Amino acid sequence: MKSVKLSRRTVMAGAAAAGAMASTSGASAQGAANVLRVVMHSDLRIVDPIWTTAYIVRNHGYMIYDTLFALDAKGEVQPQMVDRYTVSDDKLTYTFTLRDGLMWHDNQPVTTADIIPSIRRWAARDPLGQTVNGFIATMEAKDPKTFEIKLKEPTGLLVFALGKPSSNVPFMMPKRVAETDPNSQITEFVGSGPFVFQRDEWKPGDRAVYTKFAGYKPRSEPASSLAGGKVVKVDRVEWRVISDQQQAVNALLAGEIDIIESPSHDLYPLLKADSNVKIVNWNPLGNQYTMRFNHTTAPFNNQKIRQAVLYALNQEDFLKATIGDPEYYKVCKGMFICGTPLESTAGMEDKLESNFAKARQLLQEAGYNREPVVLLHSTDLQVLTNLAPVAKSLLERAGFVVDMQSMDWQTVVARRVKRDPPTQGGWSAMLTSWVAADILNPVMAGFFNASGDKAAFGWPNDPEMEALRARFARAGTPAEQKQIAEAVQRRASENPTHIHLGQWYGAGATRSNISGWLETPAPVFWNIEKSRGA
């Protein structure tokens with residue numbers, strides 16, 4: 001066996017009572033300086049980060065759970081719950097040892113009996129996990145701190161997958177929780193992360209509350225993006241729900257809250273003008289807007305009709321309507337993020353130009369029978385609100401009949417997993433946004449998974465796409481990965497699983513007495529310090 005260097009490049013490689021006992025309880029006694037008041041981008045109503053890809057639930061996951069590996073600021077995988085690991089010379093056997101001091105919020109030790117079912121549940125839901133799971137022959141606990149994964153054939157994705165930074169994140173859970181059916185939501189929320197979820201204080205529509213876990217033992221390394229020591233410097237974090245952006249900004253300016261995760265772009269000048277407020281670019285790699293089809297029902301169960309949408313849309317209209325300021329958006333025909341190694345225009349050269357004549361031609365060839373497109377419209381998230389109206393306008397100009405149905409984001413999240421016909425509470429298309437770190441290659445990017453019932457909501461079924469993704473997982477060189485990624489994109493241009501609608505960038509805002517907000521793909525609240533004043 002040879003020892004493995006504990007880092008690797010990743011861009012290419014792809015309940016409540018026990019928690020209260022375990023957490024510190026001095027927030028009220030020590031005053032507001034130890035309470036961090038945050039307005040997140042959305043209300044927290046679902047709390048299982050394996051069951052859904054919704055980013056607010058991912059963010060909740062980072063509060064209370066921990067991961068085996070994590071990405072550092074250089075984009076390299078580093079150990080987190082793992083202390084060390086080895087790989088056999090034939091690259092088929094990985095042996096992992098957990099670090100000392102890992103405890104659940106109910107004060108029970110974390111063991112490998114918890115780790116293995118946690119990996120299995122995540123791998124049943126996540127696209128990257130599903131791919132890696134296809135390489136796994138066996139997973140076995142050797143002792144309470146050591147477990148072994150044997151592969152059927154080599155892949156460079158295993159360690160990267162176990163440190164996947166965003167939805168779905170492979171969060172570790174106690175065995176009794178991790179054994180929940182992957183298609184059902186968990187009902188107990190005990191983690192081993194730096195914060196404890198105070199379930200009795202959780203009021204959807206009002207707030208979610210987390211307290212410092214006194215039993216958490218951070219790593220000794222300095223914090224670096226999602227890796228390193230998760231040192232908590234406040235006693236209590238309150239996620240407060242303020243859906244009106246102007247009201248949230250007013251509360252920040254007045255010192256009634258400390259952080260806004262994602263303020264509206266049009267309010268940046270107001271924030272920048274106040275000396276007691278700072279703008280923080282915590283996700284410099286940015287995000288990508290996306291339209292997702294429901295492939296199981298008309299009209300988008302027809303390949304040519306999906307192609308027609310690819311010709312009808314253009315990115316600039318969406319970006320102008322949602323972001324407005326060109327400083328904060330980028331037209332990019334590459335599905336794998338412009339500015340990263342897999343950037344390419346392959347297959348997209350004549351697409352996304354609002355060629356309505358071509359779109360109407362494809363609809364005629366497809367025999368489109370004017371079936372209404374039931375388009376889900378999120379109304380309460382500023383960065384998403386204007387997407388559906390733009391899509392409706394462009395689709396109608398191409399000859400589609402569009403039924404745009406408005407609802408809050410949490411209702412969209414609940415409805416998009418329904419397989420009912422559009423006329424009976426289902427859907428045809430919806431629009432969302434991906435963090436760039438989620439979509440750097442075709443194995444980790446969830447919407448490329450085209451395995452039918454095992455795919456993410458929308459459920460595309462394309463064996464050719466799946467074969468290409470499997471080839472990427474086996475690719476041995478960056479050049480080979482690049483070639484396969486271009487083939488994936490060309491296939492997506494012929495048989496779209498989804499449509500990318502441009503890149504956008506945003507920032508958070510804090511009071512000037514807040515420091516230590518890390519640059520990460522997901523907002524995290526360890527390392528943040530709140531001094532008195534401001």
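I set the burial terms before anything else: buried means under 20% relative accessible area, exposed over 50%, and partly exposed in between, with a 1.4 Å probe and protein chains only. The model is predicted, so I note that local features need pLDDT of at least 70, side-chain atom pairs count only at pLDDT 80 or more, and totals for chains, interfaces and linings use all residues. Residues are numbered from 1 along each chain as its sequence is written, and side-chain values use heavy atoms, with hydrogens and water left out.

**Entry: Asp206 and Arg207**

I looked up Arg207 and found it partly exposed, because its relative accessible area is 25%. Asp206 is also partly exposed, at 32%. Their side chains meet in a salt bridge, 3.6 Å from N to O. For that term I use a side-chain nitrogen of Lys or Arg within 4 Å of a carboxyl oxygen of Asp or Glu. By this rule I have 30 salt bridges.

**Entry: Asp258 and its partners**

Which residue forms a salt bridge with Arg37? Asp258 does, with the closest N and O atoms 3.0 Å apart. The two lie 221 residues apart: Asp258 is in the loop between helix 8 (245-253) and strand 12 (259-260), and Arg37 is in strand 2 (residues 35-39). Helices (H or I, at least four residues) and strands (E, at least two) are DSSP runs, numbered from the N terminus. Asp258 counts as buried because its relative accessibility is 2%. Arg37 is buried as well, at 17%.

I then checked Lys530. Its side chain meets that of Asp258 in a salt bridge, 3.0 Å from N to O. This pair also links distant parts of the chain: Lys530 sits in strand 22 (residues 529-530), 272 residues from Asp258. Both Lys530 and Asp258 are buried.

I also traced shared partners. Salt bridges join Glu201, Asp206, Arg207, Arg236, Glu238 and Arg240 into one network.

I read the strand order as 9-10-11-2-12-20-13, an open sheet of seven strands with mixed pairing. Two strands pair if DSSP finds at least two bridges between them. Which strands are at the edges? Strand 9 (195-197) and strand 13 (277-280) are, each pairing on one side only. Strand 2 runs parallel to strand 11 (residues 236-240), and four bridges join them. Arg37 comes up again here: its bridge partner in strand 11 is Glu238.

**Entry: helix 11 and helix 14**

I looked at how helix 11 (residues 315-322) packs on helix 14 (residues 387-397). The angle is about 145°, and the axes are 9 Å apart. Axes are lines fitted to C-alpha atoms, for helices over the stretch in contact, and angles run from 0 to 180 degrees between N-to-C directions. Asp317, Phe318, Ala321 and Thr322 in helix 11 meet Leu387, Val390, Ala391 and Leu394 in helix 14. Contact means heavy atoms within 4.5 Å. I sorted the residues of this contact into six nonpolar, one polar and one charged. Ala, Val, Leu, Ile, Met, Phe, Trp, Tyr, Cys and Pro count as nonpolar, Asp, Glu, Lys and Arg as charged, and the others, Gly among them, as polar.

**Entry: Val373**

Val373 is in strand 16 (residues 373-378). I logged Val373 as buried because its relative accessible area is 0%. Leaving aside neighbours within four places in sequence, its contacts include Pro299, Phe300, Phe400 and Ser428. Val373 and Ser428 are 55 residues apart in sequence, yet 5.5 Å apart in space, C-alpha to C-alpha.
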